[in-house]
Amino acid sequence: MYRYDQLDRTFVAERVRQFRDQVARRLDGRLTEDEFKPLRLQNGLYLQLHAYMLRVAIPYGVLSSRQLRALAAIARTYDKGYGHYTTRQNIQFNWIRLDQAADVLAALAEVEMHAIQTSGNCVRNVTTDHLAGIAPDEIADPRPYCELLRQWSTLHPEFSFLPRKFKIAVTGAEADRAAIAVHDIGLRLVLDAAGAVGFEVLVGGGLGRTPILGSVIRRFLPASDLLGYVEAILRVYNRYGRRDNIYKARIKILVKALGAEAFGRAVEAEWQAMDRDGMAIDAGMLDRVATHFAPPAYAELADAAPERAQAMREPAFARWLARNVLPHRVPCYRAVMIALKGGGAVPGDATAETMERVADLAELFSFGEIRVTHTQNLVLGHVAAHDLAALWHALRVAGLANPVVGTVTDIIACPGLDYCALATARAIPIAQAIDAAFADVAELHDIGDLRINISGCINSCGHHHVGDIGILGVDKRGQEVYQLTLGGSSADEASLGTILGPSLPPDQVAGAVRRVVDVYMERREPGESFLALVRRLGVDAFKARVYGGLEAHAA
Amino acid sequence: MEHYVISANSLRSGAVVWLRVVGDAFGWTEAAATASVGDAAQRDAWLAIAEAEARQNRVVAPYAVDVVADGAGGFTHTSTRESVRAGGPTVGNALAR
């Protein structure tokens, strides 16, 4: 994984020192709140519903065991013993004191982490496929490009005050696990006819109150031109994006207003006019960064499936293999998902003890590396097949072997009104109610893949627009009510969900989800996904069941 | 009749705090139940105190919260948001600690 060089270390240490001084000046009154607020936000420190919240960047979702232990130590020393993994592969601490915030940043800097650009109208953490470098369907490893984008965008003087925040996602695989169509820029690694590596470039995707899928503005961009082309996109946005209305300031609104073709032409013109050679990623530059992402020293193992024999004897192990273990491009290795879900868990929350246990297990079984997924789970990416049984036992003891990845209870949920100052309704209790209603693991496995995403407000951090079942919590005259959408997807052939009907009170949501799933189970053809069924039947087939005999809540 | 409490966050810790007024004295409390409940006239006077406290760098973002007074000095919140803000997260790890 990427290691800081002297330049990175000096820069981050200097930022910590600056922030310590800024906090001191705020506390003794030399800085007013109005002066200080932008400074703390530039260091990821928000004032949330209950307290200060620190959002820490996990570049493209990759952590070392050492870093994960440091996050655990921060949770224990400076917070209430837990952290929350977000849909952007970051971690948030909910209870940081302002007078200790610089100490937290110093502790992060010790392990080459920071909270820079986790807030504000700048380029945020670049996210990617959590199976980068692992997936058998990968064309090229996206992480070196993510790292180059991170270096290019960090404190970029031209793009520190964009009209609005800016999110980039990159996938290097055939199957999109990075939700690139719902990002400001989505990048997909592709090969041209000659086998050269390049990017398909999407712009203008996003969720929020105006959900829009990104448009392709370039089918093939030579990989060496990535930074110049992205800079051209940012320039066009920075120049023409709206600054008069926060709700119309994201790039998606500009792309929609101009039309993707015209936007693409403006980008091309900007790009042609710039010093493209000066911006080119040369081979040396790419190699220098790619070295950090070299594969670990895999053992020479027989290409066998030693887990199969044990699975015959242990049904619980078999269930875990079926849902939580994924193939690896190296045949005798597997990627193991750890669901931070189920059993009443808060989606994405991990205690300090859990983080330490996962860090230990990563060291024992997965070369000391952990990934964070945008679905708020963790991954041990390089587990030898013959270690799976031992790892499963260890995870089970720690309560981390819940075999529910990708099922109804592997729910994405934002912190919602339990934590967030912007939220209009709670998201976590809804996730827990659904979790309780689908406690039967055999049933979950029978249902199969089904994504439920919950947002506690229209800002859509819980990605509800792109869930098979999306749930949006809103406030109606001081009461929480929930709107269901069906048929969203952030993967290939991405789509936005369709509203099912009138909003429901909180105690009716899990029952409604149950009835939607019932329709799926009754009507699906063999092998038919939930999304395919919704597209085939339309939402009305579900609507009749959900609202039949149900008093709709103030339509 | 409309009633209010004044809330803010502690600058230093970030904790949610409420204004408690006793005669000419006042202070900030982290226990919502001990917040002072005022009418519309008191709200304006107390907000002025809170804003002065913000200028003195003790609290940030003070505001008046609509409540229903019980007549005995206590109150209940009128929105889910304010009751969650007062009571803390309703679920999960925050409850265990």
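Reply: This is a predicted model. Start with C414(A), which counts as buried because its relative accessibility is 9%, and the cut-off for buried is under 20%.

Me: How far is the sulfur of C414(A) from the closest cysteine sulfur?

Reply: A disulfide needs two cysteine sulfur atoms within 2.5 Å. For C414(A) the closest cysteine sulfur belongs to C461(A) and is 6.2 Å away, so the pair is too far apart for a bond.

Me: Which cysteine sulfur is closest to that of C457(A)?

Reply: That of C420(A), at 6.1 Å, which is again too far for a bond. C457(A) has 10% relative accessibility and therefore counts as buried.

Me: Next, backbone angles. What should I expect of phi?

Reply: Most residues other than glycine have a negative phi. In this structure, Y60(A) has a positive value, near 40 degrees, and is not a glycine.

Me: Is Y60(A) buried or exposed?

Reply: Y60(A) counts as buried, because its relative accessibility is 5%.

Me: What is the phi of F367(A), and where is F367(A) found?

Reply: F367(A), also not a glycine, has a positive phi of about 60 degrees. Its place is the loop between helix 13 (352–365) and strand 14 (369–372) of chain A. With 38% relative accessibility, F367(A) counts as partly exposed.

Me: Now chain B. How many helices and strands does chain B have?

Reply: Chain B has three helices and five strands. Read from the N terminus, their order is β-β-β-α-β-β-α-α.

Me: What does the radius of gyration say about chain B?

Reply: The value is compared with that of a compact globule, which for 97 residues would be near 13 Å; chain B has 13 Å, so the two agree. Along the principal axes, the C-alpha atoms of chain B fill a box of roughly 40 × 30 × 20 Å.

Me: How many of the residues of chain B count as buried?

Reply: 47% of the 97 residues do. Chain B exposes about 4700 Å², of which carbon and sulfur atoms supply 51%. Taking contacts between residues at least 6 apart in sequence, 50% join residues at least 24 apart.

Me: How many positive and negative side chains does chain B have?

Reply: There are 8 positive and 10 negative side chains in chain B, and the centres of the two sets are 11 Å apart.

Definitions and conventions
Residues are numbered from 1 along each chain as its sequence is written. Chains are lettered from A and ligands numbered from 1 in the order in which they are written. This is a predicted model: local features need pLDDT of at least 70, side-chain atom pairs count only at pLDDT 80 or more; totals for chains, interfaces and linings use all residues. Side-chain values use heavy atoms; hydrogens and water are left out. Helices (H or I, at least four residues) and strands (E, at least two) are DSSP runs, numbered from the N terminus. The radius of gyration is taken over C-alpha atoms; the globule rule is 2.2 Å times the number of residues to the power 0.38. Buried means under 20% relative accessible area, exposed over 50%, partly exposed in between (1.4 Å probe, protein chains only). Contact means heavy atoms within 4.5 Å. Accessible areas come from the Shrake-Rupley method with a 1.4 Å probe; for residues, only the protein chains shown count as cover. Lys and Arg count as positive and Asp and Glu as negative; His and the chain ends are not counted. The place of a charge is taken as NZ of Lys, CZ of Arg, CG of Asp or CD of Glu.
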